[in-house]
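The sequence and the model are shown first.

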Amino acid sequence: MYRGININLSPVMKQKYDTYETSFAVGTKITFPAPTSCTTSDHIASEFTHGIQLMIQNQSGVMMVPGHLSAFEEDEVMPPFPSSYKVVARSKVQDTVVVVIQALTSAVTYCSPHASGMLHDLSGVSPHCSHTH
């Protein structure tokens with residue numbers, strides 16, 4: 001999955017862009033505490049990217065149905081929240097900081113009916129935590 005970030009909308013993200021070598025050092029933990037959307041298309045993400053593009057590995061999520069749950073005609077995915085990630089690589093390509101992050105196990109993903117780390121559609125699944133170990 002991918003997420004484009006416009007650094008012009010947030011002084012905090014602009015600062016992270018300017019200091020990307022330390023802000024996104026390998027091993028750094030990143031948390032999305034609120035709902036956020038991603039896409040399965042790097043091309044679509046690049047349309048939203050103005051400074052930072054995240055490449056997200058091993059993340060599950062709910063596919064958003066275009067015209068119903070999504071305002072965009074794209075393969076939009078909403079990961080569970082809060083979601084935590086670990087930076088596994090980063091580089092600057094022209095004016096874009098590309099950050100590769102890997103999903104970390106959380107209580108939300110542990111309680112999901114498919115804890116395999118793959119994308120899945122939860123539209124017909126009960127919202128109750130039923131995953132046990």
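Two residues are in contact when heavy atoms of theirs lie within 4.5 Å. Among contacts in the protein between residues at least 6 apart in sequence, 67% join residues at least 24 apart.

## Overall architecture

The model is predicted. The protein contains four helices and eight strands. Read from the N terminus, these elements follow the order β-α-α-β-β-α-β-β-β-β-β-α.

Of the 133 residues in the protein, 36% are buried. The accessible surface amounts to about 7,900 Å², and carbon and sulfur atoms account for 56% of this area.

## The largest nonpolar core

The largest nonpolar core has 20 residues. Those touching the most other members are Phe24, Ile52, Leu54, Ile56, Val97, Val99 and Ile101. Two or more core residues come from each of helix 1 (11-18), strand 2 (29-32), strand 4 (51-57), strand 7 (83-93) and strand 8 (96-103). Strand 8 supplies the largest share, four residues.

Ile101 illustrates these contacts. When residues up to four places away in sequence are not counted, Ile101 touches Ile30, Leu54, Met55, Ile56, Gln57, Tyr85, Lys86, Val87 and Val88.

Ser23 belongs to helix 2 (residues 20-23). Ser23 counts as buried because its relative accessibility is 18%, and buried means under 20%.

The side chain of Ser23 forms a polar contact with the side chain of Thr19, at 2.7 Å. With residues up to four places away in sequence left out, Ser23 touches Lys16 and Thr28.

Definitions and conventions
Residues numbered from 1 in each chain as written. Predicted model: local features only at pLDDT ≥ 70, side-chain atom pairs only at ≥ 80, totals over all residues. Heavy atoms only, no water. Core = buried A, V, L, I, M, F, W, Y, C linked by side-chain atoms within 4.5 Å. Buried < 20%, exposed > 50% of the residue type's maximum accessible area, 1.4 Å probe, protein only. Areas by Shrake-Rupley, 256 points an atom, 1.4 Å probe, with all protein chains shown as cover. Polar contact = N/O pair within 3.5 Å; in protein donor to acceptor, adjacent residues only side chain to side chain.
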